[in-house]
Amino acid sequence: MSIEKVISADNQNVSISIEDRFDFSLHQKFRESYADCDTNGTVFTLNLDKTSYMDSSALGMILLLKDHADKISGKVIINKPNETVNKILEIAQFHRLLTIEL
């Protein structure tokens, strides 16, 4: 399990990649990955192409990221979830809240 963060030179795009399991054990690291990104209009791209498992706490963490983005007039994009993860996002109706790019 790991989290990798890449910030663009202009601080307008933050890419957060999660590998393997996305569960409560990543709560602190996930929060730290975006907490200091407070530039207005920042787009947070959450790359889930290497995520094999996601539980309900991960859904809550994504909602906290969305709240953070909303506070700075930003946006959250979920990028390339695999079939299993996408099914979880569909059941939770996240497609109504966020942009999900397959």
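How many positive and negative side chains does the protein have, and how far apart do the centres of the two sets lie? The protein has 11 positive and 15 negative side chains, with the two centres 3 Å apart. Keep in mind as you explore that this is a predicted model.

**Overall fold**
- You can find 3 helices and 6 strands in the protein, and along the sequence they follow the pattern β-β-α-β-β-α-β-α-β.
- The radius of gyration is 12 Å, close to the 13 Å that the globule rule gives for 102 residues, so the protein is as compact as a globular protein of that length.
- Along its principal axes, the C-alpha trace spans about 35 × 25 × 20 Å.
- Take the contacts between residues at least 6 apart in sequence: 66% of them join residues at least 24 apart.

- Of the 102 residues, 37% count as buried.
- The protein exposes about 5,800 Å², and carbon and sulfur atoms supply 48% of that area.

**A look at D23**
- To find D23, go to the loop between β2 (13–22) and α1 (27–35).
- D23 counts as buried because its relative accessibility is 9%, and the cut-off for buried is under 20%.
- The side chain of D23 makes polar contacts with the side chains of R21, at 3.3 Å, and S25, at 2.5 Å.

**A look at N47**
- N47 belongs to strand β3 (residues 43–47) and is buried, with a relative accessible area of 12%.
- Its side chain forms polar contacts with the side chains of S15 (2.7 Å) and N79 (2.8 Å).
- Leaving out residues up to four places away in sequence, N47 touches S15, I16, S17, I18 and N79.

Methods
Residues are numbered from 1 along each chain as its sequence is written. This is a predicted model: local features need pLDDT of at least 70, side-chain atom pairs count only at pLDDT 80 or more; totals for chains, interfaces and linings use all residues. Side-chain values use heavy atoms; hydrogens and water are left out. Helices (H or I, at least four residues) and strands (E, at least two) are DSSP runs, numbered from the N terminus. Buried means under 20% relative accessible area, exposed over 50%, partly exposed in between (1.4 Å probe, protein chains only). A polar contact is a pair of N or O atoms within 3.5 Å; within protein, one must be able to donate a hydrogen and the other to accept it, and residues adjacent in sequence count only if both atoms are side-chain atoms. Contact means heavy atoms within 4.5 Å. The radius of gyration is taken over C-alpha atoms; the globule rule is 2.2 Å times the number of residues to the power 0.38. Accessible areas come from the Shrake-Rupley method with a 1.4 Å probe; for residues, only the protein chains shown count as cover. Lys and Arg count as positive and Asp and Glu as negative; His and the chain ends are not counted. The place of a charge is taken as NZ of Lys, CZ of Arg, CG of Asp or CD of Glu.
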